[in-house]
Amino acid sequence: MKGTSDLTNPRRARSGIFLRCMRLAIYRVGVILFIAVLFPRAVPAGQHEMKRAALSTDSPRQTATQEQNQTQAPEQRQEQDGEMVIRFIRDPDAAPEFAVKGMDGNAVSLAAARGKVVLLNFWATWCGPCRMEVPDLVELQKKYQDRLQVIGLVVDDADEDAVRKFAKRYGINYPVAMATDEMRFQFGGVPALPTSFIIDARGRVVQKHIGLRDPELYEMEVRALLGLPINARVETFEDTGEIFLKHANRASELPGVDMASLTPAQKTVALHRMNEETCTCGCQYTLAQCRIYDSACQISRERTAKIVAECANVASTPKQHAGATHAAPPAVQP
């Protein structure tokens, strides 16, 4: 019988089992290759790509803000010849001064770090991307400890004991303090976490990073500010609100605002109105600042669109053409 043939022929049985295993293995390899071809993003490209992917799961708004920031003032790009380019503000503003008590009881201030490059990091213990970049900041502080000062400012986290435990667990080797609402406002609102400010040795903010960044970019910027050799070219740009919202009035374009239909004069009027009118979403910023701060705000989006439409529809008072025929006055009766 067929049911007993395999038992009476061990060699044939083993051969059949081997062939079935081989077919199954080939099938599995084929399925994996098929998925990898159709869905290449399902296969992590590296540790930093995995870190960036965490942004979309932690905060959709943070991802949108990060993309907008990169569009307006990309911190780093690679040119066709392979050379890397990093960017700093052309005429940087002084960083707002602050003095707060650190988790270790010591005072934390920018004044104490004057003469060093400062990486000011706004973060929170509950923020996934913030937690992921802490080891990179620890290593950066360790490597450039004599000429760099990393400072961590905790926001939206009232449990100081939890912050202390976190700092001890991750071996944080730089000052950590609780940020006040006033500090957040002075630094432009801090629209997402993490947000880091790069401050030169003279106490001026030269760059701002929203969201998780490649630690190599941080190190390249630090080395450039310290006058150390880097494999990149440094360019400068004007702050039009990307770093400090107070400079939004310099912007000629705003996120999500289509002004292509306006003449140059109409565009100037529209931008002036957007920089004068306060958004009613509760952010306490002007419409222009709100568009930069939160490009997802529907209120500022709708209001700026209405302003554009109003400026486009404004018609100048019609003037009479020279030489036009006018009705003759009635003849005087004798």
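**Salt bridges, sheet and core**

Reply: Arg 164 is partly exposed, with a relative accessible area of 34%; buried means under 20%, exposed over 50%, and partly exposed in between (1.4 Å probe, protein chains only). The model is predicted, so local features need pLDDT of at least 70 and side-chain atom pairs count only at pLDDT 80 or more, while totals for chains, interfaces and linings use all residues. Residues are numbered from 1 along each chain as its sequence is written, and side-chain values use heavy atoms, leaving out hydrogens and water.

The side chain of Arg 164 meets that of Asp 161 in a salt bridge, at 3.1 Å from N to O; the term requires a side-chain nitrogen of Lys or Arg within 4 Å of a carboxyl oxygen of Asp or Glu. Asp 161 is likewise partly exposed, at 48%. Helices (H or I, at least four residues) and strands (E, at least two) are DSSP runs numbered from the N terminus.

The structure holds twelve salt bridges. In another of them, Lys 143 and Glu 219 bring their closest N and O atoms to 2.6 Å. Lys 143 belongs to helix H5 (residues 128-143) and Glu 219 to helix H8 (residues 215-225), so this pair ties together parts that are 76 residues apart in sequence. Asp 200 is buried, at 7%, and forms a salt bridge with Arg 204, with 2.9 Å between the closest N and O atoms.

We turn now to the sheet. Five strands form an open sheet in the order E7-E6-E5-E8-E9, with mixed pairing; two strands pair if DSSP finds at least two bridges between them. Strands E7 (176-178) and E9 (205-210) stand at the edges with a single partner strand each, so one side of each has no neighbour in the sheet. E5 and strand E6 (residues 148-154) pair in the parallel sense over seven bridges, and Leu 119 has Val 150 as its bridge partner in E6.

The largest nonpolar core has 58 residues, and Leu 120 is among those with the most contacts inside it. Such a core is a set of buried Ala, Val, Leu, Ile, Met, Phe, Trp, Tyr and Cys residues joined through side-chain atoms within 4.5 Å. Strand E5 (residues 117-123) gives the most to this core, with six residues. Beyond its neighbours within four places in sequence, Leu 120 has contacts including Phe 98, Ile 151 and Phe 187, where contact means heavy atoms within 4.5 Å.
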